[in-house]
Structure formats: C-alpha cells, structure tokens
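Trainee: Please take me through one part of this model closely. Then set that part in the context of the rest of the chain.

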Amino acid sequence: MKDVITAGVDGTPESLSAVLWAAREAQLRQAQLRLLHAWVLLAPEPQHRPPADQDQNYWPHRLMHETVTEVRTRFPDLPVEMMLVPKDPLDALREAAKESGLLVLGAKDLGPVSRYALSELGLKLVPSTDAPTVLVHARQEDTAERDRAVLVGLSLHDPSVSLLDFAFAAASRRRTTLRVLHGRHLPSYAYNRGGGVEASAAREAAHDAHQELSAALDPWREKYPDLAVDHRVAMESPAPALVHHAADAELLIVGRRHRHRYRLPGPRIGRVVQSVVHRAPCPVAVVPHEGTPSRG
C-alpha cells in the first residue's frame, strides 16, 4: 500500500491546499490518492446512500464531494479513494500513515511573520509516525513550479539514507534542481580572544564542510547522473539557514530521528523541524530516519 498518498480533509483552506498538493504528488508518483476525513461522531454508513434530508453524515459527505470535485477538475485521471472514518482524527491518521507512502496535512497560516501554526494534531502526529509527512498551508500548492528547486537540509553527523533517497527522488520526479544545504556553527578556533571572527579560520572551516558535504553526495550523484545537484554550506545555525534558502524553493525536506529508538519521555519534533515548519514559506516534508541521537 506504499503507492498510496493520504491527505487529511477537514474543510479548511489549508486542508484543500494540502489535498491539491497531494494530488499533484500522486500524479508524479503514479500513485493513488486517499482522502480521509475522521470524526468520532460519524454515524455508521448504510449500505445504500439515504436522501440528503435523512443522511446523518450529510455534511461530511458534502465536504468530501466538494473536495473530490476540486481534485478531479485539475487531475481528471488520478485514482481517488474517499474514506469517512468514525474515529479520533489522530488515531485515524496514524493508522492511515502505516499504509501510506506519504501523509499530507494542512497547517494554519498566520501571515508573513509567523508563517505556520502547526496544530495540536500535527504536533502529535508528525513525531509519532514512520511515514514521511508533508505540511502545507493555504495556497501553497501554487509553489509547485518547474523552475523552483527542491531543498533538503543535511546533517553530516549522520547523513540519512532515507532522507537523501526521498530528496533525490522528489527532485528527479519534478525534473528540477536539488539543493542540498548543510548548516553548522563556526568552530571555536574561528573566534579570536575579543569574540571576533578570524576570516581565514572561517574560510577554512567552510571549505572543510563543503568538502565533507560533496563527498557525502558523491554516491547519490552517481545514482542520479542526470539530476542537477547544488550543494551549499551555511556557517550558521541550520534552522535559519534553511528558512532563508527556502525562499525560492518548491519543497523543503528535513529529517526527523525515530523517537522510539531512544526511549524519549514523549514524542519530539526536534528543534530544527519545529522551526522550519513554523517559518518556511513553502511546503515542508518531514522524513523519519534512523540516526545517532544528539543534544540538538
């Protein structure tokens, strides 16, 4: 069932943007789109659809019908499945994620300063599923342009195979440039006693990081010889670097370590992921991966 992309539907503008983004992704992957609306008070579905004035699920049916109409207007040949699930949305989406190659959710847009407001549902869902999750806010499906790069943030402490596989495949499907960004703080030796930065030491640190990043990407360049790959190093904290470089990106991809490996007291989204999903101007894909735990 990993050729299924599931999108949550709740009737909000950001939900519709997420659905349309998911539809385009499903078309690129030649996958099936599954639209899921969950509500604990849904009535049992009868074998035959009753008249509207007798339909206990009239509004959920209308919501799904309007959403599917939007999808089929833009993607007439895309296979679409509709699911009305009488469960708590968190539980329903967690179960759906297990059967999906990708989960797509809407995130509330609070304007140009705050950017994203990841809902309580999203904050619980993103760190607790094994499926990559994409967060989209209203009108962000319009950022899907051919001349925009796909951006991925990469740590060199544990360059994740699953993260790079997702990123290279996403850029390849879109036939666009993959921009790989590594952000790191300047090492202590780059600072003088007065707290200023020694230019030569900073250049040396940046050069070393650039060489490390290039070496990590060499096997992937061989795997995708026709893909344009632009790798960059930012000598600053990864989160603001990613937000800055995402200004002209179609999609930003970040990794999240599997929570269950480290027996953490509860689901954690991570500081970098938390920052970019609230501030990035484009859809954000969060890819779970195995990695070495760190204090970051």
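**A loop residue and its surroundings**

Mentor: Start in the loop between α1 (13-29) and β2 (32-38), where Gln30 is found. The model is predicted, so read everything that follows as computed from a prediction. Gln30 has a relative accessibility of 74%. The cut-off for exposed is over 50%, so Gln30 counts as exposed. Now look along the chain. Pro79 lies 49 residues away from Gln30 in sequence, yet the C-alpha atoms of the two are separated by 9.1 Å.

Take the contacts in the chain with a separation of 6 or more: residues 24 or more positions apart account for 80% of them. The chain has 296 residues, and buried residues make up 48% of these. Its secondary structure comes to eight helices and 12 strands.

Strand β4 spans residues 102-106 and is mostly covered. Four of its five residues are buried. β4 has pairings with β1 and with β7. Strand β1, residues 4-8, pairs with β4 in the parallel sense, over three bridges. Within that pairing, Thr6 has Leu103 of β4 as its bridge partner. Strand β7, residues 133-136, also runs parallel to β4, and four bridges join the two. Here Val104 stands opposite Val134 of β7.

Finish with a helix pair. Two packed helices are described by the angle between their axes and the distance between the axes. For helix α5 (residues 161-174) and helix α6 (residues 199-223), the axes come within 11 Å and cross at roughly 40 degrees. Angles under 35 degrees would count as roughly parallel. α5 and α6 are therefore oblique to each other. Their crossing is right-handed. On the α5 side, the contact is made by Val161, Leu164, Asp165 and Phe168. On the α6 side, Leu217, Trp220, Arg221 and Lys223 make it. By class, the contact of α5 with α6 has five nonpolar residues and three charged ones, with no polar residues.

Methods
Residues are numbered from 1 along each chain as its sequence is written. This is a predicted model: local features need pLDDT of at least 70, side-chain atom pairs count only at pLDDT 80 or more; totals for chains, interfaces and linings use all residues. Side-chain values use heavy atoms; hydrogens and water are left out. Axes are lines fitted to C-alpha atoms, for helices over the stretch in contact, and angles run from 0 to 180 degrees between N-to-C directions. Angles under 35 degrees count as roughly parallel, over 145 as roughly antiparallel, 65 to 115 as roughly perpendicular and the rest as oblique. A crossing is left-handed if the near helix is turned anticlockwise from the far one by less than a right angle, and right-handed if clockwise. Contact means heavy atoms within 4.5 Å. Ala, Val, Leu, Ile, Met, Phe, Trp, Tyr, Cys and Pro count as nonpolar, Asp, Glu, Lys and Arg as charged, and the others, Gly among them, as polar. Buried means under 20% relative accessible area, exposed over 50%, partly exposed in between (1.4 Å probe, protein chains only). Two strands pair if DSSP finds at least two bridges between them.
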